[in-house]
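Q: Please take a close look at a single part of this model and describe its surroundings in one connected answer.

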Amino acid sequence: VTYDDINTLAVANNGTGLLTITGGSPAIFADGNGGDDDQGLESVIFSGTGDIVLGDHDLDTSETGVGAETLSEIDASALTGDLDLGEIENIDSEDFSFVSGSGVTKLTLTDDNLDSTDGTPLDTSDDESGWSFDFSDAAVGSEFHFAPDWTPPDFVDGSKLTINMGPNAVL
């Protein structure tokens, strides 16, 4: 998906087979509408009973699953199949929420630009919600690889990061 005027993308695999979305890398890409970070893909919703893979299985050739600087939500809560998002290399730096489904869920986050302070760390009145990752319903074998691609990460002091791995997932 490369059309920046799409606000919400719903991906459903209601079958029993595997749905693989490789794309040209990343599988889902949106970088704002004409450079306007306030327009473009905001939400990706996964649902169904089948398994879904973005990128590829081995993370060697086209590992990037999502690259969308406007993306504020990935919601897989209606997916009972497995979900492998590959590498998420770019998301909204101010607010982003991920909710897993009930299958095995895997993702690697390499984005390093968390700034939920809206550029004003000392003024909390304009703060955004930050980044939230919820694996509380994920099945055994689920993995979240938190691997910002810049060391140290470019996180603005005072930004919010919440990670709930639940009983079955590992960080």
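Which residue in β13 is the bridge partner of Trp131?

A: The bridge partner of Trp131 in β13 is Leu161. This is a predicted model, in which local features need pLDDT of at least 70, side-chain atom pairs count only at pLDDT 80 or more, and totals for chains, interfaces and linings use all residues. Residues are numbered from 1 along each chain as its sequence is written, and side-chain values use heavy atoms, with hydrogens and water left out.

β11 and β13 pair in the parallel sense over four bridges; two strands pair if DSSP finds at least two bridges between them, and strands are DSSP runs of E with at least two residues, numbered from the N terminus. Both belong to an open sheet of six strands in the order β1-β4-β7-β9-β11-β13, with parallel pairing. β1 (8-13) and β13 stand at the edges with a single partner strand each, so one side of each has no neighbour in the sheet.

The search of the whole structure gives seven aromatic pairs; rings of Phe, Tyr and Trp (its six-membered ring) pair if their centres lie within 6.5 Å, and planes under 30 degrees apart count as stacked, over 60 as edge-to-face and the rest as tilted. One of the pairs is Trp131 with Phe155, edge-to-face at 5.8 Å centre to centre and 85 degrees between the planes. Trp131 lies in strand β11 (residues 130-134) and Phe155 in the loop between β12 (143-146) and β13 (161-164), 24 residues apart.

Trp131 counts as buried because its relative accessibility is 0%, whereas Phe155, at 25%, counts as partly exposed; buried means under 20% relative accessible area, exposed over 50% and partly exposed in between (1.4 Å probe, protein chains only).
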